[in-house]
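Have a look at the fold before reading on.

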Amino acid sequence: MAKIKKKSVAPIYAVGVVWLVWACFLPLYQIWHYVAAAVVSLLVYVLGRKVIWRDRVMVTADPEPQPSPQEPQPKSQQPPKTQPEPPKDPELAALLDQRDKAMGEMRRLNDNIADPVISAQIDHLEDVTGKIIDHVAQNPQKRPQIRRFLDYYLPTTLKILNAYDRMGSTGISGTNIDGTKDQIESIMTTLVAAFDKQLDALFGEEALDISTDITVMEQMLAREGLGGTQLHSES
């Protein structure tokens, strides 16, 4: 338990009353008048403090100890940050790694190449590449469908764009440089279309399944008299 001594302010107020009464009823125009008033004030203060308004002692519960702040641990002692677990399938891990490297390289080339048309085409290739590989990552049975895309079309496209970047960074014009750049600019439209077709081909089986389902449903609706024309006439 903790003891707190609380002093009263009443003696101070009493001293103020003494000076007020003295000023009203007794003289205060010589030094000894002030001395006498001070002596009386001191007596009133001591009497009030010791006899009338004594100090009060309050007992309080001990404050709970506060935990000391922990010092930051050196980096060598801090627990390592948890990293996301890599895919357990090594082929899937390699596929995602190839995606990240290819898209990162396209992004770097896009930053270097100033031509707005080529830049827009690289943006499109990067977006479609990510969609192709992400779709196959979620549907591993389709990996054989993009084998040639991964082994040839994608790396060759990056090789062509790297050549365009290097030649453009020379800052000069010449038969070889200009001719090669013109060829690359011409084939970029074909490459964009080829990447789009690769992505579209991945949905071939699903498109066939949906088409078959629609055909069967149309036949069943027709047999039961629930075709589109019948429903429209009834409504």
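Leaving aside neighbours within four places in sequence, which residues is Ile146 in contact with? They are Leu95, Ile132, Val136, Gln198 and Leu202, where contact means heavy atoms within 4.5 Å.

## What you're looking at

This is a predicted model, where local features need pLDDT of at least 70 and side-chain atom pairs count only at pLDDT 80 or more, while totals for chains, interfaces and linings use all residues. Residues are numbered from 1 along each chain as its sequence is written, and side-chain values use heavy atoms, with hydrogens and water left out.

The protein chain has eight helices and two strands; helices are DSSP runs (H or I, at least four residues), as are strands (E, at least two), numbered from the N terminus. Going along the sequence, you get β-α-α-β-α-α-α-α-α-α. Of the 235 residues in the protein chain, 24% are buried (under 20% relative accessible area with a 1.4 Å probe, protein chains only; exposed is over 50%, partly exposed in between). Among contacts with a separation of 6 or more, 70% are between residues 24 or more positions apart.

## The nonpolar core

Back to Ile146: along with Met188, Ile146 has the most contacts inside the largest nonpolar core, which has 29 residues. A core here is a set of buried Ala, Val, Leu, Ile, Met, Phe, Trp, Tyr and Cys residues joined through side-chain atoms within 4.5 Å. Two or more residues each come from α3, α4, α5 (147-169) and α6 (175-201). The largest share, eight residues, is from α4.

## α3 against α4

Helix α3 (residues 90-112) packs on helix α4 (residues 116-138) at an angle of about 170°, with the axes 10 Å apart. Axes are lines fitted to C-alpha atoms, for helices over the stretch in contact, and angles run from 0 to 180 degrees between N-to-C directions. The pair is therefore roughly antiparallel (over 145 degrees; under 35 is roughly parallel, 65 to 115 roughly perpendicular and the rest oblique).

On the α3 side, the residues include Leu92, Leu95, Met103 and Met106, and they meet α4 residues including Ile122, Leu125, Ile133 and Val136. The contact divides into 10 nonpolar, four polar and five charged residues. Ala, Val, Leu, Ile, Met, Phe, Trp, Tyr, Cys and Pro count as nonpolar, Asp, Glu, Lys and Arg as charged, and the others, Gly among them, as polar.

## α3 against α5

The axes of α3 and α5 come within 10 Å and cross at roughly 20°, which makes the two helices roughly parallel. From α3, Leu95, Gln98, Ala102 and Met106 are among the residues in this contact, and from α5, Leu150, Leu154, Leu158 and Asp165 are among them. By class, there are eight nonpolar, three polar and three charged residues.

Asp165, in helix α5, counts as buried because its relative accessibility is 14%. Beyond its neighbours within four places in sequence, Asp165 is in contact with Arg108, Leu109, Asn112 and Ile113.

## A buried lysine in a loop

Is Lys142 buried or exposed? Lys142 has a relative accessible area of 3%, so this lysine is buried. Lys142 lies in the loop between α4 and α5. Not counting residues up to four places away in sequence, Lys142 touches His135, Val136, Leu202 and Glu206. Lys142 and Leu202 are 60 residues apart along the chain, with their C-alpha atoms separated by 7.3 Å.
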